[in-house]
Structure formats: structure tokens, C-alpha cells
Amino acid sequence: MKFRIGYRTVKTALGASIAIMIAQMAGLDNYVSAGILTILCVKVTKKDSLRASWDRIFACILALIIASLLFELLAYHPLIIGLVLLLFIPTAVMLKASDGIVTSAVIIIHIYAAEQVTAELIVNELGIILIGVGVALLANLYMPSLDIKLKEYQVEIEQNFKRMFDEIVIYLRTNESNWDGREITETYTLIEEAKALAFREVENHVLRNESLYYSYFKMREKQFEIIEHVLPIVTSIDQYVEQAETIADFIEELSENIHPGNTASIFINKLHDMRAEFAKMELPKTREEFEARADLLYFTKEMEEYLIIKSKFAGLKDSRKMNQTKAAGEQ
């Protein structure tokens, strides 16, 4: 088994050590608890870390207040710890700070062990909270860029789209295909993984709620649904007609211009021109020809919807610089 240490593990280990050192140098009692807080607050994304930090700060202060009041008003007794938890836990859940329950229990135990609430104790506990959470937030200021991986997903999905279109072209021209359809299941998995990663990229930007990459993969997902839908229709055509060759040429050109930019309107216009030419052709002479042409007409309508979906997308920068010379269009 390959042994690998991730960046989050490194940040957690360093952060916990630094938090403990700072708390110890500050002369705080129970300074190790600052390291525990740091461990719990270092998350996968910046937004997750902020949410976790806020929950723990709020819950710890709430626990400090409840525990101080009950211990001082009643007694420093193990049964009172249970009473504190009975009041604190539902309150924390109600106030949506349930993530801070475990760390707050540590604060409650500290107060119980001290057997007296003093200004020094409160300052000590607040110091532990602020140091532990503060170090975690500083550690999470660095998040590795996901841009390279997102571009890799983009390229893989586009390559699979091209392969699927190439297979459609082959079938339209020959009515034969040896394709195993592997790209269909592969593309579905790639899109799901890519969306999850793009969402994580959004979560790493505190002031951003949208991701162009996420929008891109959602757009490709909608297009992929159309491709899945038309594949059985195309492969059911067993009668060769003249229109099939024209459509094959169109799809072939489309296949060669799959990139993240947005010039879909060019192909929409070409599709309209092609359909206008079909309308001028003679009517089908046999039932088989009629059915084949009807299926092809339906296929072109679905491809128009495919292109409309892309036309509504703002477009990504093309890492392969395809848009330098490919003014011919794109899907």
C-alpha cells in the first residue's frame, strides 16, 4: 500500500504543535487543549474551516456561561456535569452549533476541575479557544489550487465527447460500429467527480459563491444526457439516405471543434441551413426511407438543443489555445 501524507495532514500536525506552543508560552493552563481545537478546525475547504471555527467559538462560550452558572449556583459535583450537558447540548443543537459540542465538553471539564470560576479562569479558557481556532484559520489560508486537476477533467470529458461523436459519424456513413460504449460510463463518472471538485474549489473562496468550472461541468452534464438519448436513435437507423452523409459531415466538424470556449451559435446557424436544404429535397419514396429521415430529423433537433445549452454558457479559457485558429465554431 502506498504511503502518502496529504497537505491537510501536514497543516493539522504543524498547526496543533504551533497552537500548543503559543498557549504554553502564554502561560495558559490546559494549553494542550489549544492543539485539540486546531485539529478539529482544520478542514478540507476554507468555508468549512470558517464554519467549524465559528461553531466551536460560539459553543465554547455558551458552555463557559452555562457551566459557570450551574457549578457556582449548585455545586461542583459529577452529577452537575450531567445537568450542564443536558442543558448545553440541546441548546447548541438548536442554535446550529452542534459541531462545537465535543470541544465545549473540554471547557466544561476544565471549569469543573478548577472548582471555582474566576476572571483568570475565563481569560484562560478564552485564550485557549482563540489560539486554537486562530491557528487553524491561519493554517487554512493556504489551499492548493485545483485548477490543474479541473482542466484535466475538462480535457478528458471533451475527448470522450469527441469519441462518441466520431462513433456517430461512423455509423451514419456505414451503418456499422464495433464501439464498446466504454466512454459513456466513463464520462458519467468523470462529470460527477469534476462537479464535486469544482464545488470544493468554490468552498475554498470565501467571497465567491459560483464557479465557472462548476457551471461548465453542469453544462456538459446536460449535453451528455442528450448524447445518451440520441445514441440509440442513431444506431436504430438501418436505411441509408442522402441526408445521413450531410449530417455525418456536420457532426464530424462538430467533433473537431469541442473546446471550452463558446462559439456554438456558428454551428446552430449551420444546422438551420442544413435543415433548410433538407426541406427542399424530394419526399421519401419508401416507408424505410421515411422512418430513417424522420429519425435523422429528430436527431438534428436534439443536436440543436445540445448547441443551445452550450450557447448559454459564458465559456472557459481554452488551455490548449484552440480558439486561436478555430474560428469555425465549437460545441
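Biologist: Among contacts between residues at least 6 apart in sequence, what percentage joins residues at least 24 apart?

Modeller: Bear in mind that this is a predicted model, where local features need pLDDT of at least 70, side-chain atom pairs count only at pLDDT 80 or more, and totals for chains, interfaces and linings use all residues. Residues are numbered from 1 along each chain as its sequence is written, and side-chain values use heavy atoms, leaving out hydrogens and water. Contact means heavy atoms within 4.5 Å. Take the contacts in the protein chain between residues at least 6 apart, and the share joining residues at least 24 apart is 80%.

Biologist: OK, so how many helices and how many strands does the protein chain have?

Modeller: Both kinds of element are DSSP runs numbered from the N terminus: helices are H or I over at least four residues, strands are E over at least two. From the N terminus on, the elements run α-α-α-α-α-α-α-α-α-α-α-α. The count for the protein chain is 12 helices and 0 strands.

Biologist: What percentage of the residues in the protein chain is buried?

Modeller: Here's the scale: buried means under 20% relative accessible area, exposed means over 50%, and partly exposed is in between, using a 1.4 Å probe and protein chains only. Of the 331 residues in the protein chain, the buried ones make up 44%.

Biologist: Let's zoom in on two helices: are α5 and α6 roughly parallel or antiparallel?

Modeller: Axes are lines fitted to C-alpha atoms, for helices over the stretch in contact, and angles between N-to-C directions run from 0 to 180 degrees. Angles under 35 degrees count as roughly parallel, over 145 as roughly antiparallel, 65 to 115 as roughly perpendicular and the rest as oblique. Helix α5 (residues 101–114) packs with helix α6 (residues 119–139) at about 155 degrees, with axes 11 Å apart. Therefore α5 and α6 are roughly antiparallel.

Biologist: Which residues of α6 make the contact with α5?

Modeller: α5 passes α6 in a right-handed crossing. On the α5 side, the contact uses Ile-107, His-110, Ile-111 and Ala-114, and on the α6 side it uses Leu-121, Glu-125, Ile-128 and Ile-129.

Biologist: Is Ala-113 buried or exposed?

Modeller: Ala-113 sits in helix α5. Along the sequence, Ala-113 and Tyr-76 are 37 residues apart, while their C-alpha atoms are 8.5 Å apart in space. With a relative accessible area of 58%, Ala-113 is exposed.

Biologist: How many nonpolar residues are in the contact of α7 with α12?

Modeller: Helix α7 (residues 147–174) and helix α12 (residues 287–311) pack at about 160 degrees, with axes 14 Å apart, which makes α7 roughly antiparallel to α12. The contact is made by Phe-161, Phe-165, Ile-168 and Leu-172 of α7 and Leu-296, Phe-299, Met-303 and Tyr-306 of α12. In this sorting, Ala, Val, Leu, Ile, Met, Phe, Trp, Tyr, Cys and Pro count as nonpolar, Asp, Glu, Lys and Arg as charged, and the others, Gly among them, as polar. By class, there are no polar and no charged residues here, and the nonpolar ones number 8.

Biologist: How far apart in space are Asp-249 and Leu-172, C-alpha to C-alpha?

Modeller: Asp-249 has its place in helix α10 (residues 242–255). Asp-249 counts as partly exposed, at 38% relative accessibility. In sequence Asp-249 and Leu-172 are 77 residues apart, but in space the C-alpha separation is 9.6 Å.

Biologist: At about what angle do α10 and α11 pack?

Modeller: Helix α11 spans residues 264–280, and its axis is 11 Å from that of α10. The two are roughly antiparallel, because their packing angle is about 175 degrees.

Biologist: What is the phi of Asn-30, roughly?

Modeller: Asn-30 lies in the loop between α1 (7–25) and α2 (32–41). Asn-30 is partly exposed, with a relative accessible area of 41%. Although Asn-30 is not a glycine, its phi is positive, at about 55 degrees.

Definitions and conventions
A crossing is left-handed if the near helix is turned anticlockwise from the far one by less than a right angle, and right-handed if clockwise.
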